[in-house]
Structures are given as structure tokens and as C-alpha cells.
Amino acid sequence: MSGERLAGKVAIITGAARGQGAAEAELFAREGASVVFGDILEDEGKAVEARIVEAGHTATFVRLDVTSEDDWAAAVRTAVDRYGRLDILVNNAGILALETTEDVTKAQWDRVMDINMWGVVLGTKAVVPEMRKAGGGSIVNISSLSAMKAMPWAAAYHASKGASRIHTKVAAVEYGSDQIRVNSIHPGAIDTVMINEAYSEDFLMQALGRVPLGRMGTPMDIAKGALFLASDDSDYITGTELIIDGGIYAG
């Protein structure tokens with residue numbers, strides 16, 4: 001897939017050294033964007049940058065801890081200094097922890113919330129001034145089906161993704177007059193390292209049995225949804241949710 005749906009646009013993508021974020025970085029670059037993408041996994045991130053550049057597209061990897069205001073400021077500076085503007089943010093970075101409400105500790109809860117929710121807030125705060133200068137923009141928050149449908153584990157993860165879901169709506173209302181659109185994506189069972197490390201093969205097979213389309217999602221399935229929300233194809237869509245789950249939520 002290649003085209004020019006993001007021609008002339010500049011994007012920041014977080015958590016992009018692997019999985020969904022890497023797929024988003026590669027797809028956005030193929031679609032004409034200049035991409036600044038970040039992660040704390042530096043070796044993997046540099047490898048993704050090399051693939052994109054070798055394919056003839058434009059991308060820069062930066063070390064980005066989404067809980068660090070300094071890292072966010074540096075990422076925005078990189079985007080503006082190298083590419084002249086900032087139009088798109090994809091808040092993709094996140095972690096999954098499986099502690100139940102009874103088992104979770106304050107430290108575990110805070111770590112999940114800091115990355116999955118506070119990181120989204122910091123990213124929004126960091127990019128909005130430059131998006132205003134550009135005359136608008138698009139922020140895409142990668143939430144989860146766990147923000148829509150409760151399961152008896154991962155209490156902190158569910159809470160963080162639910163918070164991201166409602167924060168998306170708040171930001172959409174706050175920044176609509178600036179022509180900054182804010183939407184969320186809610187993936188279901190996606191074949192990523194994070195999911196495969198967290199769950200057993202038996203659990204994943206059971207989950208697959210609940211997917212009406214009969215397969216696990218891929219990182220590119222999510223990237224294509226993010227591309228739609230980042231592009232002008234969705235220029236009258238803000239404050240809404242795009243569920244990409246193969247039909248699980250429908251059942």
C-alpha cells in the first residue's frame with residue numbers, strides 16, 4: 001500500500017519501535033508524511049527508521065519516554081526543526097499489566113496510569129501549540145476494547161484505557177475551535193509482542209474463537225485505522241471511537 005494521503009504532513013508517533021506503532025510509522029511514511037517516532041527501545045527504533053529511510057521515505061527516530069515532559073519537548077522540537085510543522089500525533093505507547101483489583105499495588109497502578117494515561121495528556125499538551133500554528137491537526141489516541149468491555153483481570157489497564165477514552169472526548173471539545181481533531185481507536189485481540197508475552201497460547205486460542213471474522217488482528221489493521229483518522233478523509237470526525245476488533249464487541 002502506498003499513496004499520498006498524508007502528503008506534506010508531519011506526524012509524531014509514540015511506542016513505535018515495534019508492533020502497532022512501527023506499523024503506523026511505516027504506513028504514514030509511505031503515505032507521504034514526515035514521521036518523528038519515539039520509544040524507549042532504541043535499537044529496535046533505529047532499525048525501524050533504517051527500514052523506512054531505505055524504502056525512500058522520511059522518518060526520524062527519537063528516544064521518547066512518554067512520561068517525560070523533557071522528552072516530549074525534544075520530540076516536538078525535532079519535528080518542527082527538521083520538518084517545519086506538526087500536524088498529527090498518534091499516542092500509541094502503552095503497557096499491559098494483569099493484576100486484579102484485589103492484587104494490584106499502588107506502585108503497579110501508578111505505573112500503568114502514568115504511561116497509558118498521563119503520557120497521553122503530556123503528548124496532547126506538547127503538540128497543541130504547534131498544531132495551532134499549523135491551523136489544526138489530528139490526535140489519535142490508541143485506547144483498547146478494554147475501555148468498552150470489562151474483563152475480570154487487568155484492573156489498572158482497563159481503568160487507564162477507559163480514562164484515555166473519555167479524555168479523548170474532553171480534548172475534542174477543548175480544541176475543536178482550533179481545528180484540532182481528537183479521536184480514539186479501540187483494538188481488540190491484536191497479534192503483538194505485548195499480547196503474546198502477556199497471555200498463554202490457550203487463552204489466545206480461546207479469544208480467537210470469539211472473533212466473528214475468525215482471525216487475530218494485525219498491527220497493520222490498527223495502522224490503517226489510524227491513517228484514516230489522521231488524514232483529511234476524516235476531517236469532520238472528532239471525539240469519537242473507532243473499534244477495530246474483528247467483531248468481538250458486536251457480540
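Select strands S5 (137-142) and S6 (180-187): each supplies at least two residues of the lining of the second largest pocket. Strands are DSSP E runs of at least two residues and helices are H or I runs of at least four, numbered from the N terminus. This is a predicted model, in which local features need pLDDT of at least 70 and side-chain atom pairs 80 or more, while totals for chains, interfaces and linings use all residues. Residues are numbered from 1 along each chain as its sequence is written, and side-chain values use heavy atoms, without hydrogens or water.

The second largest pocket holds about 260 Å³ of space. Of its 17 lining residues, Gly 137, Gln 179, Ile 180, Arg 181 and Asp 235 are the closest to its centre. On a 1 Å grid over the protein atoms alone, a pocket is an open set of points with protein on both sides within 12 Å along at least five of seven lines; a cavity is a set where a 1.4 Å probe fits but cannot get out; lining residues have an atom within 4 Å of a point. A volume is the space filled by probe spheres set on the points, which are joined across faces, edges and corners.

Next, select Thr 14, Trp 72 and Ile 115, which are among the residues lining the largest cavity. That cavity has about 40 Å³ of space, and helix H4 (residues 106-134) gives the most to its lining, with 3 residues.

Finally, show Arg 51 and Glu 26, whose side chains meet in a salt bridge (2.7 Å, N to O). Arg 51 lies in helix H2 (residues 42-54) and Glu 26 in helix H1 (residues 19-30), 25 residues apart. A salt bridge is a side-chain nitrogen of Lys or Arg within 4 Å of a carboxyl oxygen of Asp or Glu.
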